[in-house]
Amino acid sequence: MTRPLPITWRPFRSRLIAYTLASMIVLGMIVLAFVVAPPFGIADRIGLVVFGLGIAAILHLLARSKVVADEQRLTVVNPLRTHRYDWAEVLRITMVQGDPWPTLDLADGTSVGAMGIQGSEGERARKAITELQALLRERGEAPEPS
């Protein structure tokens, strides 16, 4: 039996690291903009802060990964794209030892990585994959024609 839907799986450690690092970089660039030597003008100082914000934005893209299961579909949010699949479109989820994240095999013959479940999180990742496999068995079958 799975938990009630919707269920959201997100990586914990990678999000913690990404957002902590982003905060430190932005704060560091702000401090640097104030203490940098006088030959640097206001445009240079603003540029430092903007550069820090750019790095933080990239780190946010990496940290936003998640997998969401609801009644109608499975949504996979990766750094640059969001994929939405009806349950019948997803055939299986696989993740072998050493994979960074699981792969969803789709009915059209393609596959997509689900970065919202991180293999480096060990037991937490195994539990998420077990739950998702149960949902695929329960909801993934196409309905019988009447």
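## Contacts and overall form

Of the contacts in the chain between residues at least 6 apart in sequence, 48% join residues at least 24 apart, a contact being heavy atoms within 4.5 Å. The model is predicted, so local features need pLDDT of at least 70 and side-chain atom pairs count only at pLDDT 80 or more, whereas totals for chains, interfaces and linings use all residues. Residues are numbered from 1 along each chain as its sequence is written, and side-chain values use heavy atoms, with hydrogens and water left out.

The chain holds 3 helices and 7 strands, in the order β-α-α-β-β-β-β-β-β-α from the N terminus. Its radius of gyration is 20 Å, well over the 15 Å that the globule rule gives for 146 residues, so the chain is more spread out than a compact globule. That radius is taken over C-alpha atoms, and the globule rule is 2.2 Å times the number of residues to the power 0.38. Along its principal axes the C-alpha trace spans about 75 × 30 × 25 Å. Helices (H or I, at least four residues) and strands (E, at least two) are DSSP runs, numbered from the N terminus.

## Surface and burial

The accessible surface of the chain comes to about 9,100 Å², computed by the Shrake-Rupley method with a 1.4 Å probe. Carbon and sulfur atoms account for 63% of this surface. Of the 146 residues, 36% count as buried, a term that means under 20% relative accessible area (1.4 Å probe, protein chains only).

An open sheet of 4 strands has the order 1-2-3-4 with antiparallel pairing; two strands pair if DSSP finds at least two bridges between them. Strand 1 (7–9) and strand 4 (82–86) stand at the edges with a single partner strand each, so one side of each has no neighbour in the sheet. On average, neighbouring strands of this sheet are turned by 15° against each other, direction ignored. Helix 3 (residues 123–139) packs on the sheet and touches strand 1, strand 2 and strand 3; its direction makes about 140° with that of strand 1. Axes are lines fitted to C-alpha atoms, for helices over the stretch in contact, and angles run from 0 to 180 degrees between N-to-C directions.

Strand 1 and strand 2 are antiparallel and joined by 3 bridges, and Trp9 has Val67 of strand 2 as its bridge partner. Val67 also stands opposite Val76 in strand 3. Between strand 2 (residues 66–69) and strand 3 (residues 73–77), likewise antiparallel, there are 4 bridges; a hairpin joins these two strands through 3 residues. Ahead of strand 1 lies Pro6, and the peptide bond from Leu5 to Pro6 is cis, with omega near 0°.

## Strands 5 to 7

Strand 5 (residues 90–94) pairs with strand 6 (residues 103–106) in the antiparallel sense over 4 bridges, and Arg92 has Asp105 of strand 6 as its bridge partner. Strand 6 is in turn joined to strand 7 (residues 111–113) by 3 bridges, again antiparallel, with Gly113 in strand 7 as the bridge partner of Thr103. The hairpin of strand 6 and strand 7 has 4 residues between the strands, and there Gly109 takes a positive phi near 90°.

## Helix 1 and its cover

The 23 residues of helix 1 (residues 13–35) should span 33 Å at 1.5 Å a residue, and the end C-alpha atoms are 33 Å apart, which agrees. The expected span is 1.5 Å times one less than the number of residues. Buried residues in helix 1 include Ala18, Ala22, Val26, Met29 and Ala33, and helix 2 (42–63) is included in what covers the buried residues of this helix.

Note on methods: Buried means under 20% relative accessible area, exposed over 50%, partly exposed in between (1.4 Å probe, protein chains only).
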